[in-house]
Amino acid sequence: MGKNNKRNKKAKQPNGPTASSAASGAGEDVEDQQAARSLPSLNPKKRNQLNKLVEELLDLVEKQPANPNDEWKQYEQLQQLLKQIMILEESLSQAVCPQISDSPDDQTRLAKVEAFSAWAKEGGVHSEGLEIAIFPGYQLGLRATRQLEKEELVLSVPRKLIFSEESDSDCRLFGNMPQATHLNLAYDLVIEKIRGEFSEWRPYIDVLPAKYNTVLYFSTKQMERLRGTAACSLALRQCRVIAKQFGFLYRYAHILTETSSGNRSLPGDRGLFFAQHGLCYKLYRWAVSTVMTRQNLVPSEKQESGDSPKFISALIPYWDMANHRPGKITSFYGAVSRQLECTAQEACAAGEQFFIYYGDRSNTDLLVHNGFVDVNNPKDYVNIRVGLSPTDALAAKRASILDKLNIRHTAELRVLPAPEFISKELLAFVRVFKMSAEQLDHWCSDLERAGDLLHIDCALETDHETRTWQFLEDRLKLLLAVLDKELREADEVKELSELELKDGGKPGQEIELMLLLYRRLERSILAGALQYAREHRKV
Ligand SMILES: C[S@@+](CC[C@H](N)C(=O)[O-])C[C@H]1O[C@@H](n2cnc3c(N)ncnc32)[C@H](O)[C@@H]1O
C-alpha cells in the first residue's frame with residue numbers, strides 16, 4: 001500500500017518545509033510529469049477544432065430558452081456539439097477513462113474490491129460486519145457478514161480517508177464560493193483520475209462505476225421519454241449546466257491560459273497542468289456524476305472558530321457503497337472522533353443487503369440527481385407549475401393573500417400520492433387563483449384568516465370550491481394528456497413488462513427501465529389526484 005503509506009508519512013511530518021518534504025515534493029513533481037506524459041496529446045488541428053466547438057457550446061448554453069420547445073431544441077443542438085467534441089477527444093478519453101465500455105462493469109469493479117478493502121482498512125475504516133458484493137439492479141452494495149442489530153455502529157470512515165476539497169489538494173478553481181464545494185470536489189476528482197496510478201486515491205477510484213445512469217449519459221432518444229414529465233426541464237437544465245461548467249473549465253485550460261509546467265509552489269498550477277493534459281468531456285461527465293450520486297456533506301475543518309458551521313461536499317469511501325432504502329438517516333459525522341459514523345437503521349440478517357436512507361427525495365429528484373428511482377418511495381411527489389397572470393387585474397390582491405401564506409406568485413407546488421393527493425399549498429394557491437373580486441375583498445379584509453385556505457375543509461362558497469376543483473381536474477387531465485403524447489399508457493405498460501421479463505432488466509437497458517418506471521410512478525400520482533379532484537368537484 002505504497003501510496004497510503006505516503007499519506008501516513010506525510011501526516012507525521014512536522015509543519016513547515018523540511019529537507020524530506022522538499023525531497024518528496026520533487027518526487028511528486030516527477031510523478032506529475034510521468035502521469036502527464038502517459039497521456040496522448042491531441043494534434044494542433046484537432047485542438048483548434050475543439051476550441052471552436054467549445055466556444056460554440058458556450059454561446060449555445062448562454063441562451064436562456066423561452067419555452068419547453070426551445071429548451072428541447074437547445075438540448076438537441078447541445079447533444080450534437082457534445083458528440084462532435086467526444087469524437088475529437090476519443091484518444092484522450094480512452095486513456096483517462098479506460099474502463100468505459102458498453103458492458104456492465106460490476107465484475108470489473110468487484111475484482112478491485114479486495115485491494116480497495118485492504119486500502120480502506122489500512123486507512124482506518126471499520127466495517128467488520130460488512131462486505132462489498134454485487135446486487136442485481138443496484139450494481140455494487142454492502143452485504144452483512146453477520147447479524148447486525150438495529151442502531152449498532154456498523155461502519156466508520158476517518159477524516160483522512162474522506163475525499164473533499166480539504167484533502168491536501170492545491171487544485172482550487174472555483175475559489176471560496178460556498179455554493180461551489182461540489183464543483184471543487186468534481187474538479188479534484190478529475191485531477192486524481194488523470195493522475196491515474198500516481199494518485200493516492202487510486203484504490204478508491206478503481207472501484208467507482210465506470211459510467212452512470214445520470215441524465216448526462218442519456219441519449220437523445222432516452223431523454224425523449226421524459227418529455228411531458230415533471231423531470232424533463234430539470235434534466236435538460238442539468239445537462240446545460242454541466243456542459244457550461246465543462247466549457248468554462250476547457251476554456252480556462254486551453255484557450256485563456258498559458259501552458260502550465262505544474263509548478264507546485266504556484267497555487268492552482270498543478271490542477272491547471274493536469275487539466276491541460278487530461279481534461280475531456282467524458283471525464284468531466286464521469287466526475288460530476290460520481291459526485292452527484294455519491295456525495296455527502298461534512299463540516300469544513302478550515303474555518304475560523306466562531307463562524308457558523310460551513311459544510312463541504314465529500315466522497316466517503318466504503319460508506320458510499322451503501323444503497324438506499326426508505327427509513328431514517330443514520331449516518332453522522334462525529335466532530336470529536338473526526339469520522340463518519342453509520343449505524344444500522346434496522347436489524348439486518350447475515351447475507352442480506354445493508355441499506356442506508358439517503359433522505360427525503362422525490363423520484364424526480366432521484367432520477368435527475370441520483371440516476372435511479374425508488375418504486376416504494378413514501379416521500380414521492382410531482383411538482384406542477386402554477387403562477388398568477390400578469391394581465392390579471394386582480395393579481396395584486398391575490399398576491400397579498402399568497403404572501404401571507406408564504407407561497408410564491410409563480411411556484412412549483414406538489415401533487416402527492418394517496419391519501420393526500422393535493423398538497424395544502426397547491427390547494428390554497430388554486431383557491432386564491434379562482435377567487436372572484438368579492439371573495440378577494442372578503443379575504444383581503446382579514447388576512448389573518450388566510451391560513452384557513454390551507455385546510456381541505458375550509459368553509460368556502462360552493463361555486464368557488466367547484467371552480468377550484470374544476471381547475472385542478474383540468475390541469476391534471478392536461479398533464480396526463482401530455483404524458484400520453486410521448487408514450488401512451490398501454491404502450492408504457494407493455495414496454496415495461498417486456499423489459500422486466502428479462503430478469504430485472506436486460507444489461508445495458510437500465511436507463512430504459514428506469515425511465516419507464518419513472519413515467520408509471522408520475523402517471524400514478526397524477527391519475528390518483530385527478531380521481532380525487534373529480535370526487536371533490538362533485539361534492
Ligand atoms: C452511493 S452509490 C451506492 C453504491 C452503488 N450501487 C455502486 O455500485 O457503487 C448510489 C448509487 O447506487 C444506486 N442505488 C442506490 N440505491 C438504489 C436503489 N434503491 N435502487 C436502485 N439503485 C440504487 C444508484 O445507481 C445510485 O446512484
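Visitor: Which element gives the most to the shell around the ligand?
Guide: In this predicted model, 17 residues surround the ligand, and Gln-139, Leu-140, Thr-293, Asn-323 and Phe-372 are the closest. Strand S2 (139–144), helix H13 (281–294) and strand S7 (323–324) each give two or more residues to that shell. The element that gives the most, with 3 residues, is S2.

Visitor: How many residues of the shell around the ligand are nonpolar, polar and charged?
Guide: The shell holds 17 residues. By class they divide into 5 nonpolar, 9 polar and 3 charged.

Visitor: Which residue just after H14 takes a positive phi?
Guide: The helix H14 covers residues 363–370. Just after H14, a positive phi of about 70° belongs to Gly-371.

Visitor: Which residues are in contact with Ala-529, leaving aside its neighbours within four places in sequence?
Guide: Beyond the neighbours within four places, its contacts are Val-415, Phe-421, Ile-422 and Leu-476.

Visitor: How many residues of domain 2 are in contact with domain 1?
Guide: The centres of the two domains, taken over C-alpha atoms, are separated by 35 Å. The side of domain 1 that touches domain 2 has 4 nonpolar, 4 polar and 4 charged residues. Domain 1 takes part in the contact with 12 residues, and domain 2 with 16.

Visitor: Which residues are joined by a cis peptide bond?
Guide: Most peptide bonds are trans. One with an omega of about 5° is cis. Its proline lies in the loop between strand S12 (410–415) and helix H16 (424–433). The joined residues are Ala-418 and Pro-419.

Visitor: Is Arg-338 exposed or partly exposed?
Guide: Arg-338 is found in the loop between strand S8 (331–334) and strand S9 (339–343). Its phi is near 55°, a positive value in a residue other than glycine. Because Arg-338 has 14 C-beta neighbours inside 10 Å, it counts as partly exposed.

Visitor: Is Asn-406 buried or exposed?
Guide: Asn-406 is found in the loop between helix H15 (395–404) and S12, and its phi is near 60°, a positive value in a residue other than glycine. With 8 other C-beta atoms within 10 Å, Asn-406 is exposed.

Visitor: What is the radius of gyration of the protein chain?
Guide: The C-alpha atoms fill a box of roughly 85 × 60 × 55 Å along the principal axes. For 539 residues, a compact globule would have a radius of gyration near 24 Å, which agrees with the value for the chain, 26 Å.

Notes
Residues are numbered from 1 along each chain as its sequence is written. This is a predicted model: local features need pLDDT of at least 70, side-chain atom pairs count only at pLDDT 80 or more; totals for chains, interfaces and linings use all residues. The radius of gyration is taken over C-alpha atoms; the globule rule is 2.2 Å times the number of residues to the power 0.38. Domain bounds come from an automatic or database domain assignment. Two residues are in contact if their C-beta atoms, placed from the backbone, lie within 7 Å. Ala, Val, Leu, Ile, Met, Phe, Trp, Tyr, Cys and Pro count as nonpolar, Asp, Glu, Lys and Arg as charged, and the others, Gly among them, as polar. A residue is near a molecule or strand if its C-beta atom, placed from the backbone, lies within 6 Å of it. Helices (H or I, at least four residues) and strands (E, at least two) are DSSP runs, numbered from the N terminus. A residue is buried if 20 or more other C-beta atoms lie within 10 Å of its own, exposed if 12 or fewer, and partly exposed in between; C-beta atoms are placed from the backbone.
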